[in-house]
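This report goes through a few features of one structure in plain terms. Please look at the sequence and the model before reading on.

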Amino acid sequence: ITEENAPRFRAGMKCFFEEAGAIAHLEHPNVVRVLDFFRANDTVYLVMRYEDGRSLAEHIKRRGRPVEELWVRNTFLQLLDGLREVHARKLLHLDIKPANIYLRSDGTPVLIDFGAARQVLSAEGMKLAPTFTPGFAPPEMHAQRELLGPWSDIYSVGATIYACLAAAAPPSAQARLENEVLVPARRAFAGKYAPDLLQIVDWCLELDHLRRPQSVRDLQKALFGSIPDYRPG
């Protein structure tokens with residue numbers, strides 16, 4: 001580490017350690033379990049429980065055909081249970097995407113990799129360069145990071161469900177802001193999935209954070225069958 005980069009490295013280590021401490025208290029079957037974290041060798045380590053399975057990204061790629069609607073509803077209802085626990089701890093994930101959702105061998109999903117969460121855990125974290133994945137990151141991750149909230153993770157959940165249906169990532173929020181290029185789920189997958197599921201995906205993918213579900217509970221209710229109070233723009 002060069003002398004010039006040392007302060008940022010120390011800030012990053014501090015935030016990583018804070019992140020580890022925060023998620024070590026999370027005990028939920030759909031959230032990665034942190035067993036230990038410690039400092040050694042001038043860096044910090046995070047020890048997680050081993051899980052047997054593969055990522056959702058790998059699952060989509062290997063499958064070669066659209067996923068079933070019942071599978072989508074069941075998988076994301078479980079995942080949202082875990083995310084709700086994360087939000088209850090006043091944490092945000094901020095990097096939900098198929099690569100960060102792990103499917104155990106029994107099919108149950110696990111939310112992994114809270115790396116982006118460290119950016120909101122301390123003042124130093126906010127100074128670190130933002131890390132996000134185009135297509136899955138909400139508009140407020142690109143700019144106006146003061147607007148980040150539970151609705152930001154909900155955008156990413158919507159983008160991840162969209163990716164399950166399309167077998168590809170949706171366009172980036174930045175591209176959408178410049179010129180709306182996203183084909184709404186209700187049009188792109190009409191006739192292939194229930195209208196209410198497609199409506200929910202479009203609801204999550206609203207560019208205006210105030211027009212999305214404001215909590216995981218709202219989204220869970222919609223997935224359970226309550227029609228969300230949402231009118232596409």
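Which residues make the nonpolar surface patch of about 320 Å²? In this predicted model, Leu35, Phe38, Tyr45 and Val47 form that patch. Strand S1 (34–40) and strand S2 (43–48) are the elements that give two or more residues to the nonpolar patch. Phe38 belongs to strand S1 and is partly exposed, with a relative accessibility of 32%.

Strand S4 (residues 101–104) is covered on both faces. Ile101 and Leu103 are buried on one side, and Tyr102 and Arg104 are buried on the other. Strand S3 (residues 53–55) pairs with S4 in the antiparallel sense over 3 bridges, and Ser55 is the residue opposite Tyr102 in S4. S4 also pairs with strand S5 (residues 109–111), again in the antiparallel sense and over 3 bridges. Here Tyr102 stands opposite Val110 in S5. The hairpin of S4 and S5 has 4 residues between the strands, and Gly107 in this hairpin takes a positive phi near 95°.

**Salt bridges**

How many salt bridges does a search of the whole structure find? The search finds 13 salt bridges.

| Pair | N to O distance | Relative accessible area |
|---|---|---|
| Arg104 and Glu51 | 2.9 Å | Arg104 18%, Glu51 17% |
| Glu68 and Arg63 | 2.7 Å | Glu68 42%, Arg63 18% |
| Asp202 and Arg186 | 2.9 Å | Asp202 5%, Arg186 33% |

Arg104 forms its salt bridge with Glu51. Arg104 lies in strand S4 and Glu51 in the loop between S2 and S3, so this pair ties together parts that are 53 residues apart in sequence. Arg104 is buried, and Glu51 is buried as well.

In the pair of Glu68 and Arg63, Glu68 is partly exposed, whereas Arg63 is buried.

The salt bridge of Asp202 with Arg186 involves two helices: Asp202 is in helix H9 (residues 195–204) and Arg186 in helix H8 (residues 185–188), so the pair ties together parts that are 16 residues apart in sequence. Asp202 is buried, while Arg186 is partly exposed.

Salt bridges also link Glu69, Arg73 and Asp196 in a network.

**Cysteines**

A disulfide is a covalent bond between the sulfur atoms of two cysteines. A search of the whole structure finds 0 disulfides. Cys164 is buried, at 2% relative accessible area, and Cys204 is buried, at 0% relative accessibility.

Terms used. Residues are numbered from 1 along each chain as its sequence is written. This is a predicted model: local features need pLDDT of at least 70, side-chain atom pairs count only at pLDDT 80 or more; totals for chains, interfaces and linings use all residues. Side-chain values use heavy atoms; hydrogens and water are left out. A disulfide is a pair of cysteine sulfur atoms within 2.5 Å. Buried means under 20% relative accessible area, exposed over 50%, partly exposed in between (1.4 Å probe, protein chains only). Patches are made of residues with over 30% relative accessible area and no salt bridge: like charges are joined within 9 Å, nonpolar side chains (Val, Leu, Ile, Met, Phe, Trp, Tyr) within 5 Å. Accessible areas come from the Shrake-Rupley method with a 1.4 Å probe; for residues, only the protein chains shown count as cover. A salt bridge is a side-chain nitrogen of Lys or Arg within 4 Å of a carboxyl oxygen of Asp or Glu. Two strands pair if DSSP finds at least two bridges between them.
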